[in-house]
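Hi there,

Here is the structure I promised to pass on. Could you have a look when you get a moment?

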Amino acid sequence: MRYMSESTSVHGGGGRAGGFRPGERLVDLANAVRDDPEASRDVLAAVLARHGETERDLASLTAPEASALRGAVSELTDRVLTETDTDRAATALNSLLERCGARPRLSRHDGHAWHLHVDRDDEASWAEWLTASGALALARMLSEQGGIAWGECAASGCRRLFLGGGPGAPRRYCSRTCATRTRVAAHRRRHAQP
């Protein structure tokens, strides 16, 4: 089973040096909001900063914007990231992309390199921006993999979301730790039976 290296995982950096990774950013935000449904503006800002957003970018992330952003994260999580059926995920993504109603465009602002935007304009709210960029990232992964390329950890007691590692057998666990813990528990159950 393959897991992403720490430098490219959803728990790793993913900042400007390697380019923006909107799928990883979305999963990190989703896990933060799942851990604390009322995650503060500062918690969300810290996640966004790890993914390349600057202090200047984050100055507009007010408490009301953070609340709307949590709502957008929850919607993407509930409608797409926890969906296990490819057709339903594709339908949900199409609906979100249609609602965004914008064309892809390249943007370079605030010292960032050229990168793709799909929100209505550079003045879009944080929630609109995340919905558009997150939906596009997941749609791209779905189309490139031919199916769902993300999931929720199958380990007992773990609800962490993750992105798939590419072609091959689908991932079931968020980390090697969860995969190993599950295998050890199954081994102990088999050997404990009389």
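This is a predicted model: local features need pLDDT of at least 70, side-chain atom pairs count only at pLDDT 80 or more; totals for chains, interfaces and linings use all residues.

Residues are numbered from 1 along each chain as its sequence is written, and side-chain values use heavy atoms, with hydrogens and water left out.

Let me start with Glu 83, which sits in the loop between α4 (63–81) and α5 (86–100); helices here are DSSP runs of H or I with at least four residues, strands are runs of E with at least two, and both are numbered from the N terminus. Glu 83 has a relative accessible area of 17% and is therefore buried (under 20%; exposed is over 50%, partly exposed in between, with a 1.4 Å probe and protein chains only). A polar atom of the Glu 83 side chain lies 2.9 Å from the backbone nitrogen of Asp 85. Leaving aside residues up to four places away in sequence, Glu 83 touches Arg 88, Ala 89, Ile 148 and Trp 150 (contact means heavy atoms within 4.5 Å).

Ser 133 belongs to helix α6 (residues 126–145). Ser 133 is buried too, because its relative accessibility is 12%. With the exclusion of residues up to four places away in sequence, its contacts are Pro 22, Arg 25 and Val 118.

Trp 114, by contrast, is exposed at 52% relative accessibility, and is found in the loop between β1 (105–107) and β2 (115–117).

Best wishes

Definitions and conventions. A polar contact is a pair of N or O atoms within 3.5 Å; within protein, one must be able to donate a hydrogen and the other to accept it, and residues adjacent in sequence count only if both atoms are side-chain atoms.
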